[in-house]
Amino acid sequence: MALQRLLKRAIAKCKSRFDLSACGAFSTASSPFTTSATATHDALLPQLPPFDYQPQPYKGPLADEVFAKRKKFLGPSLFHYYQKPLNIVEGKMQYLFDESGRRYLDAFAGIVTVSCGHCHPEVLNAIMEQSKLLQHATTIYLHHAIADFAEALASKMPGNLKVVYFVNSGSEANELAMLMARLYTGNLGMISLRNAYHGGSSSTIGLTALNTWKYPIPEGEIHHVMNPDPYRGVFGSDASSYAKEVQDHIDYGTSGNVAGFIAETIQGVGGAVELAPGYLKLVYDIIHKAGGVCIADEVQTGFGRTGSHYWGFETQGVIPDIVTMAKGIGNGLPLGAVVTTPEIASVMAQKIQFNTFGGNPVCSAGGLAVLQVLDKEKRLSHCDVVGSHLLERLRSLMHRHEIIGDVRGRGLMVGIELVTDRKEKTPAKAETAVLFEKLRELGVLVGKGGLHGNVFRIKPPMCFTKDDADFVVDALDYAISKL
């Protein structure tokens, strides 16, 4: 069996010349049989930055076996990246390793989830030490971990956002926030933006406004207003025109009163679309006048990822009534949270509100360590510096490649939209798919977003460096030049 696995690994490495020449430590450049033509080819390839870490030898099942078992026992709705799915077996900081030990730069952070870095030692230590003492007890008993974590999280919030509810995911957080809004206001209607993603549960799927993620089920009292997209929106960056459309929708499409409004400051799944400047301040005022509350979905933008501010909503100069968060809050732990004011939180006391796993000791210890690491390592300013460098280099790339229609974002939450025609902004769907595979072959793992899947999402762990940013840009430049 061990010999068969070794043979499979060797065959996999030899299947593609592009793969072979891009394999870093396994590159043909290190082979005594390298031809001069291949050596010249290798010299042009962008190289991963050095990284002083050796992955453990992998002795588990290989990709084909794992994929076969996954298809047999897991739901058919699961999708995977790449024509030949990667079998990722180890991670360290901003890098991932496959079954052969090949290293990849993770520029997508487990879908914007790994904040401190894969297997960050301080986060791991907090999780393991707590696991040795107590894994689970629920909030029917006292335990310091959940209280310590809530106190630390509340200290990061502006205004009177001081009451914390812990849950297990972003979908669950948004569902709880919607329940709060409806209970507090006595209204039912919720407003979200087109192109938004707020979850895939039976309730939050209504807030989501991308048809690729929506099943044909009743959505309840949910309204989708025009997306204030500076690149594709009909009003460009004119926030006041988009805000007027919200007012018109309330006047003509509702009773005149709403429960709440929810928005991401930078739409994640929708393709890293940053809302038009000043939009939220105008809309929050409209929503409050209509009797509603304002919810900021910080599942992807929170915890300093944008570089300029700890929370995405701060870039718009607003303070929400409710804030939801997940993903980066736990660096990979199943953890989410809702933070609101004491006044809004009080409505939840009229019935029993309970979450079995929310804020369990292990997740709370890990979550607190995440907050401490992000502060200790100054990741807010780091995201600002590295993100600015990345954006500057990507924008310079636009001058050389017509296929890049837009580069947008803040900090380490960046989108690159690819088009076949800059004037018409026609989505370059086929070209994006080709480049997606080429980047993987070069050693860069990115995400895809937007309704048409033509936006590369660069949202790496926050320990991502300038050298990593340069490698991503050089790899993209090389890949596009080979189209």
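## A covered strand and its hairpin

Strand 13 (residues 404–410) is mostly covered, since six of its seven residues are buried. Here, buried means under 20% relative accessible area, exposed means over 50%, and partly exposed lies in between (1.4 Å probe, protein chains only). Helices (H or I, at least four residues) and strands (E, at least two) are DSSP runs, numbered from the N terminus. The structure is a predicted model, in which local features need pLDDT of at least 70 and side-chain atom pairs count only at pLDDT 80 or more, while totals for chains, interfaces and linings use all residues. Residues are numbered from 1 along each chain as its sequence is written, and side-chain values use heavy atoms, with hydrogens and water left out.

Strand 13 pairs with strand 14 (residues 413–421) in the antiparallel sense, over six bridges. Two strands are said to pair if DSSP finds at least two bridges between them. Within this pairing, Asp406 has Glu417 in strand 14 as its bridge partner.

An open sheet of four strands has the order 1-2-3-16, and its pairing is mixed. Strand 1 and strand 16 (444–445) stand at the edges with a single partner strand each, so one side of each is left without a neighbour in the sheet.

Strand 2 and strand 3 (residues 103–106) run antiparallel and are joined by three bridges. Leu96 has Tyr104 in strand 3 as its bridge partner, and Phe97 is partnered by Arg103 in strand 3. Strands 2 and 3 also form a hairpin, with four residues between them; Gly101 in the turn has a positive phi of about 90 degrees. On the other hand, strand 3 and strand 16 run parallel and are joined by two bridges, with Asp106 opposite Leu445 in strand 16. Arg103 and Leu105 point one way from strand 3, Tyr104 and Asp106 point the other way, and all are buried.

Most residues other than glycine have a negative phi. Met93 is not a glycine, yet has a positive phi of about 55 degrees. Met93 is placed in the loop between strand 1 (88–92) and strand 2 (95–98), and counts as buried because its relative accessibility is 15%.

Val112, likewise not a glycine, has a positive phi of about 60 degrees. Val112 is placed in helix 5 (residues 109–112) and, at 2% relative accessibility, counts as buried.

## The nonpolar cores

In soluble globular proteins, nonpolar side chains tend to be buried together. A nonpolar core is defined as a set of buried Ala, Val, Leu, Ile, Met, Phe, Trp, Tyr and Cys residues joined through side-chain atoms within 4.5 Å. The largest such core has 99 residues, and Leu153, Phe261, Tyr279, Phe303 and Met325 have the most contacts inside it. Helix 15 (residues 466–481) gives the most to this core, with nine residues. Apart from this core lies another, of 21 residues, among them Leu176, Met180, Ala259 and Ala345.

Contact means heavy atoms within 4.5 Å. Not counting residues up to four places away in sequence, Met325 touches Leu153, Met157, Ala173, Glu298, Val299, Phe303, Trp311, Gly336, Ala337 and Val339. One of these, Gly336, stands opposite Val167 in strand 12. Strand 12 (residues 336–340) runs antiparallel to strand 4 (residues 163–167), and five bridges join them. Strand 4 is mostly covered, with four of its five residues buried.

## A buried isoleucine and an exposed one

Ile250 lies in helix 9 (residues 239–253) and counts as buried, at 1% relative accessibility. Leaving aside neighbours within four places in sequence, Ile250 is in contact with Ile191, Gly256, Val258, Ile286, Ile287 and Ala290. Ile250 and Ser237 are 13 residues apart in sequence and 22 Å apart in space, C-alpha to C-alpha.

Ile140 is exposed, with a relative accessible area of 59%, and is found in the loop between helix 6 (121–133) and helix 7 (144–154). Ile140, Tyr141, Ile352 and Phe354 form a nonpolar patch on the surface, with about 530 Å² of accessible area together. Patches are made of residues with over 30% relative accessible area and no salt bridge; like charges are joined within 9 Å and nonpolar side chains (Val, Leu, Ile, Met, Phe, Trp, Tyr) within 5 Å. A salt bridge is a side-chain nitrogen of Lys or Arg within 4 Å of a carboxyl oxygen of Asp or Glu. Accessible areas come from the Shrake-Rupley method with a 1.4 Å probe, and for residues only the protein chains shown count as cover.
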